[in-house]
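Work through the exercises below with the sequence and the coordinates side by side. Each task is followed by a solution in steps.

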Amino acid sequence: MMRWAALGAVVIVTGAARGQGIDELWSRNCLSCHGKEGQGGGAGTRTLLTDELMDQGLDRRFFDAIKNGVPDSAMPGFGETLKDEQIWALVVEVRELQAAAWRKRVGSPKADRQGVYTTSLHRYRVRPVVERGLETPWSVDWLPSGEMLVTERAGRLRVWKDGKLSAPVEGLPAVSARGQGGLMDVAVHPKFAENGWVYLASTEASPDGKREMTKILRGTLDVRKTPAVWTQDRVIFEAKPEHYSGPGVHYGCRIVFDPKDPGLMYFGIGERGQMDLAQNLERPNGKVYRVRDDGSVPKDNPFVGRGGGTYEQVWSFGHRNPQGLAFDLNGSLWDTEHGPRGGDELNLIEKGANYGWPLVSYGINYSGAPFRAPWSEVMGARGTPKTGGAVRMPVYRWLPSIGACGLDVARGPAFTKWKGDLFAGGLSGANVDRLRIADGKLVEREEIFHGQGRVRDVVCGPDGTIYIVLNGPDKVVRLVPAD
Ligand code: HEC
């Protein structure tokens, strides 16, 4: 015991330098006991790779154990020599090691000889939908008459009908497709049969071409013409011209309608690479918005009447890059956010709430350098930033990050046992996860699809089969029941 305690003291000194990546922090301070992969062994240390220890509810316990040590064990405390953000980065390291072990052990379903994938609740096959002719498809939605609309990031909208992809729809606005921006979501109004409205989320450049912002547009679509023609009807949301941003990242953007009141719509815009603005209600960056289907602000929006230059369309704030947005079957609104490394989040979106970015983050920098601890100096007790106002913590976060993009709920009838579960996609993770929520908590996560391309969008189709929009290869596939 003494020997290992002394060794602990030695490694503590060498690990004190700031700005180290997590791999180095781990190998200098922890590897001697916990092993390269967290398997343990040194000084009789047990494995960190058990299911029980993978519970995200233990984050704070881990943080405190690393900071203060584990009583009556060889585990020393590192609070004297490591900063809080370095200690948090080591919790992220532990989580990433656990995830690697989990992937090795559980992995994701592989096709058998008949092309059938077996998951815990359903067996499915992958069927091609659109295999050719798309370049970076972003999103799909359906008209009541059965046509599928598909956007391409470069600024094209196409119609898929009877196995054929149309020429680009005419009449679309100019789209700035720089960096991660471009033509993003397409959403058909739930009462399309009555009003003919289709909504687009599109990136617009400022007049000097140097800055850009996400804009929400409404128009009608005439599919009797070939190619179909879109006629813009009105701008639903645009930022003030002085609030367009330079960096070509984090535009959002999904559009969803409230199942209880189809005249209400929600969409999310990323912080556009200017993270501090996510906390500023007078700037459009890093928000989830709620407006009427004509763009007007509902009177019961949380920041109506706040004054100053408040964007009264804001529903919630402190978001990094919400690229997934969906109502579940109970009418709760969820988002998935592309966060920093280890900080991809699933959030339950509530009126007026602050989701914390960048004050509080579970992630670290993609370089591996520590960023902030969720319980760092900016935070007081119980997740309340010293700047005031409680921060909502994510219901789940992905480690390693999956590049969260695309979210929907399974509505049936195709996969009855999945009904009500959320399906979340990942770009870098090339995955679709099934998430089951009970009482606001994640009770089940299962990777049901993996390794067939970057997942840009996941949408439950009109028949209940699960559509997956892939980038690289650029195509649309769907999961259909195998039984
Ligand atoms: C001298 C050996 C030693 C060193 C060095 C060490 N640990 Fe531990 N650690 C232990 C032991 C022993 C335990 C108690 C559980 C066990 O027996 O495995 C433990 C427990 C833990 C736990 C689980 C606590 C819980 O609540 O269950 C975490 C997380 C952890 N260590 C992380 C780290 C990190 C990160 C470092 C490097 C900064 C580190 N440890 C360095 C020996 C060590």
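**Exercise 1.** Of the 20 residues around the ligand, which come nearest?

*Solution.* This is a predicted model, in which local features need pLDDT of at least 70 and side-chain atom pairs pLDDT 80 or more, while totals for chains, interfaces and linings use all residues. Residues are numbered from 1 along each chain as its sequence is written, and side-chain values use heavy atoms, without hydrogens and water. Taking as near any residue with a heavy atom within 4 Å of the ligand, one finds that Cys30, Cys33, His34, Arg61 and Met75 come nearest. By residue type, the shell divides into 14 nonpolar, four polar and two charged residues.

**Exercise 2.** Identify the protein atoms that coordinate the iron atom of the ligand, and describe the geometry of the site.

*Solution.* Counting as donors N, O and S atoms within 2.8 Å of the metal, one finds NE2 of His34 and SD of Met75 at 2.0 to 2.1 Å from the iron. The site has six donor atoms with angles of 86 to 178 degrees and is octahedral, a term that requires opposite donors over 155 degrees apart and all others between 65 and 115. Histidine 34 belongs to helix α3 and methionine 75 to the loop between α4 and α5, 41 residues apart, so the pair links distant parts of the chain.

**Exercise 3.** Is histidine 34 buried or exposed?

*Solution.* Histidine 34 has a relative accessible area of 14% and is therefore buried, that is, under 20% with a 1.4 Å probe and protein chains only.

Notes: Ala, Val, Leu, Ile, Met, Phe, Trp, Tyr, Cys and Pro count as nonpolar, Asp, Glu, Lys and Arg as charged, and the others, Gly among them, as polar. Donors are N, O and S atoms within 2.8 Å of the metal (3.2 Å for Na, K and Ca); water is not among the atoms, so sites may look incomplete. Four donors count as tetrahedral if all angles lie between 85 and 135 degrees; four count as square planar and six as octahedral if opposite donors are over 155 degrees apart and all others between 65 and 115; anything else is irregular. Helices (H or I, at least four residues) and strands (E, at least two) are DSSP runs, numbered from the N terminus. Buried means under 20% relative accessible area, exposed over 50%, partly exposed in between (1.4 Å probe, protein chains only).
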